[in-house]
Amino acid sequence: MITDDGRELWTSATGRGEPILCCHGGPGLWDMFGTLDLGPRFRLIRWDQRGAGRSEARGPYTLERMVADVDAVREGHGLDRVPVLGHSWGAHLALLYALAHPERVSALVYVSGVGLGHEWHAEFQRNFERVLEEELRGEGRERAVRQWAADFVTDGERHAEAMATPWFPVNYEANAALSEEMRTVPEAELVAACRSLRVPTLIVDGMADNRPRWAVDSLERALPSVTRVRFDGVGHVPWLEAPGEFRATVTDFLAGLVSGKGG
């Protein structure tokens, strides 16, 4: 599909059920939801963010532009209102999209996000170095697999291999630009915006995630309609380490909204 500023984005729909729009992690990475199974009820709308994976390797890389791209994917698939599921950086992007277009988001699923502030980085770095236990070597795919393996409690290398297949170059320019812009947005500003967000939200944490889960507390407190589920002994990618529990958590939450029990 082509965005309004002429960039080509790769996108696809997997499954035949109700649509759910997925925002992958990064920034500068590509869709890794090929391993996500929410059962036959859902159709996963997947895409590679601009500059990464199978999408055109051209910016600009700004938060405003990335939010506009989410809306372009939604519109390109002919959707009016849709649940949006984001993972890691993609969880933050999904939140920004819900804040910008709440009328387009029927529910927000915020998975392994890093919250609204910026104080978590130092603890994450300490946790990452402790788990990795040795210096990162190699480059490209080999280096990424070693790094991503540290995000898991069990079978880290196997899960990291799955995430790295297929493999594309990492867009470090996009990562640097978007990470820097995120650091310029005050936490208090985002907290204030979230207080008026009426979109029902599910926060999912793997409690063994190297990224400290307390970083998400201010988001939970700010949201008027929020459910938070914590998985013990699970790392940064809960649908790989606890696939059954993750699927049941997400599908039960969305089913509850449809039946009027959620929120």
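Trainee: What are the ground rules for numbering and confidence?

Mentor: Residues are numbered from 1 along each chain as its sequence is written, and side-chain values use heavy atoms, with hydrogens and water left out. The model is predicted, so local features need pLDDT of at least 70 and side-chain atom pairs count only at pLDDT 80 or more, while totals for chains, interfaces and linings use all residues.

Trainee: Why is strand 3 called mostly covered?

Mentor: Strands (E, at least two residues) and helices (H or I, at least four) are DSSP runs, numbered from the N terminus. Strand 3 spans residues 42–47, and five of its six residues are buried. Buried means under 20% relative accessible area, exposed over 50%, partly exposed in between (1.4 Å probe, protein chains only).

Trainee: How do you know that strand 3 pairs with strand 1 and with strand 2?

Mentor: Pairing needs at least two bridges found by DSSP. Strand 1 (residues 11–14) has four bridges to strand 3 and runs antiparallel to it. Ser 12 has Arg 46 as its bridge partner there. Strand 2 (residues 18–23) also joins strand 3 by four bridges, but in parallel. Glu 18 stands opposite Phe 42.

Trainee: What makes the sheet open, and which strands stand at its edges?

Mentor: Seven strands run in the order 1-3-2-4-5-6-7, with mixed pairing. Strand 1 and strand 7 each have a single partner strand, so one side of each lacks a neighbour in the sheet. On average, neighbouring strands are turned by 20 degrees against each other, direction ignored.

Trainee: Why is the set around Cys 23 called a nonpolar core?

Mentor: The term covers buried Ala, Val, Leu, Ile, Met, Phe, Trp, Tyr and Cys residues joined through side-chain atoms within 4.5 Å. The largest such core has 40 residues; Cys 23, Trp 47 and Val 84 are among those with the most contacts inside it. Helix 2 (residues 89–100) supplies the largest share, eight residues. A second, separate core of 34 residues includes Trp 30 and Phe 42.

Note on methods
Axes are lines fitted to C-alpha atoms, for helices over the stretch in contact, and angles run from 0 to 180 degrees between N-to-C directions.
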